[in-house]
Amino acid sequence: LYHVMFLMAVILFCSDMAKEVASYTDVANQIIKLVLSGSAQKRSYERLSNFTDAIGNRVSGSHNLELAIAYMYNAMSQDGLDVHLEPVKVPHWVRGEEGAEMVLPRPKTLAMLGLGSSVGTPPEGIEAEVVVVSSFEDLKSRGANVSGRIVVFNQPFVSYGETVAYRAFGASEAAKLGAVAALIRSVTPVSINSPHTGVQDYQEGVRRIPAACITVEDAQLMARMAARGQRVVVRLNMGAKTLPDADSFNTVAEIRGWQHPEQVVVLSGHLDSWDVGQGAMDDGGGAIISWEALSVIKDLGLRPRRTLRAVLWTAEEQGGVGAQQYYQRHKANISNFDLVMESDLGTFAPVALQFTGSPAAQKVMQEVVQLLAPLNTTRLEPHGEGTDIGPWMQAGVPGASLHVEDDRYFWFHHSEGDTMSVQSPGAMDRCSALWAVVAYVVADLQDMLPR
């Protein structure tokens, strides 16, 4: 009898919940219409282009990042949102002058970018013979042949999640065998002689050696030369250095809830970028659609039961530094965080919403995404992801992220190619509409998402 009653209660819950969510169909359609064909059409693209064209790239600790935070604070305040800044301390790595050249078997300038947190070379640079390896296993098999040499990692691109290990740990693994520097083949499936930077992690107790990324083409070139038995020599100069941690801010904008203002739905993207390109795709787009979602809701005169909070994180590229400090500051109120959302894999055409939460919360979100039928994105996929919302999801807060048509994302990722040229007004509109519908509906439901 207990099991029958429990099953009936579940069925009743699902039925009532489906009806409640379905009652938002008209509101969802209003949001989508305003963004796709109304006064907000192309606005997210225009806001992103105005921002990135004015500021450029925004690496942690830089003056440009300070300008970016001030820009967004002013812009969102002028938009009528309740805006404030929350101070944090962030890493301050400076690239400095840098360059690389193949000296033997023939002179050739190598396109390169130092990796974040790398140490520099001595002022006179480093000139050494190269040993080319294709994997960590290949590196270890070379043994004593590595000592005193520059290791070139020519690892194939399998996936970002797997291949990025070479960028992150290559320098320390090479240093353990006595290497004097590490050059990592850029973590990208497509290259037009384009180096891709990113953060790298020195292991405790291991000598720190300079680390930079080179292009796919140059890594393959040196691999072919080495395979022929030719002696390859490279000269590397890097003026990289790490300064004391800098002051920065997470930028926060809100529409306060009318019934439960203490309960929060967070929409987010990160404002910092690497010091190349414009940081348009990574992650200017995610930051802008999080602002735009609030702007659209305000334009329609909507005010949800709970607070909608857009957070533009700082120092994500250095490992979610700003978000970690935000979590530490606010985790005492974790029971009031209803849903955390993050967009950090591009704002190309949306395909689905990714979600992490309890089975009961998944049932609610499955109904919510049905409201996105006009966008043709009614699929709910498992596993919300994002460096900045990770701490919240690990603590049990439901989390959501955008799944977009990201086949080209890693073509431009962390390179000079990350500019407005990869963005599409129509795709950004669809991302903004999806973000606004999901955030508003969840924030306005009678009950918070079940944990």
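**Pocket, sheet and strands**

Helix H6 gives the largest share of the lining of the largest pocket, four residues. The model is predicted, so local features need pLDDT of at least 70 and side-chain atom pairs count only at pLDDT 80 or more, while totals for chains, interfaces and linings use all residues. Residues are numbered from 1 along each chain as its sequence is written, and side-chain values use heavy atoms, with hydrogens and water left out.

**The largest pocket**

- The volume of the largest pocket is about 510 Å³, a volume being the space filled by probe spheres set on grid points that are joined across faces, edges and corners.
- A pocket is an open set of points on a 1 Å grid over the protein atoms alone, where a 1.4 Å probe fits, with protein on both sides within 12 Å along at least five of seven lines; lining residues have an atom within 4 Å of a point.
- Its lining has 25 residues, and Tyr-160, Glu-316, Asp-344, Thr-387 and His-413 lie nearest the centre.
- At least two lining residues come from each of helix H6 (160-175), strand E16 (399-404) and helix H12 (409-412); helices (H or I, at least four residues) and strands (E, at least two) are DSSP runs, numbered from the N terminus.
- By type, the lining has nine nonpolar, eight polar and eight charged residues; nonpolar covers Ala, Val, Leu, Ile, Met, Phe, Trp, Tyr, Cys and Pro, charged covers Asp, Glu, Lys and Arg, and the others, Gly among them, are polar.

**The open sheet**

- Eight strands form an open sheet with mixed pairing, in the order E1-E10-E12-E11-E13-E16-E14-E15; two strands pair if DSSP finds at least two bridges between them.
- Strand E1 (82-94) and strand E15 (380-382) are at the edges with a single partner strand each, so one side of each has no neighbour in the sheet.
- Strand E14 (residues 350-356) and E16 run antiparallel and are joined by six bridges, and Phe-355 has Ala-400 in E16 as its bridge partner.
- Helix H10 (residues 359-368) packs on the sheet and touches E13, E14 and E15, contact meaning heavy atoms within 4.5 Å.

**Strands around E5**

- Six of the eight residues of strand E5 (residues 126-133) are buried, that is, under 20% relative accessible area with a 1.4 Å probe and protein chains only.
- E5 pairs with strand E9 (residues 233-238) in the antiparallel sense over four bridges, and Ala-128 has Val-234 in E9 as its bridge partner.
- E5 and strand E6 (residues 150-153) run parallel, joined by four bridges, with Val-130 opposite Ile-150 in E6.

Note on methods. Axes are lines fitted to C-alpha atoms, for helices over the stretch in contact, and angles run from 0 to 180 degrees between N-to-C directions. Buried means under 20% relative accessible area, exposed over 50%, partly exposed in between (1.4 Å probe, protein chains only).
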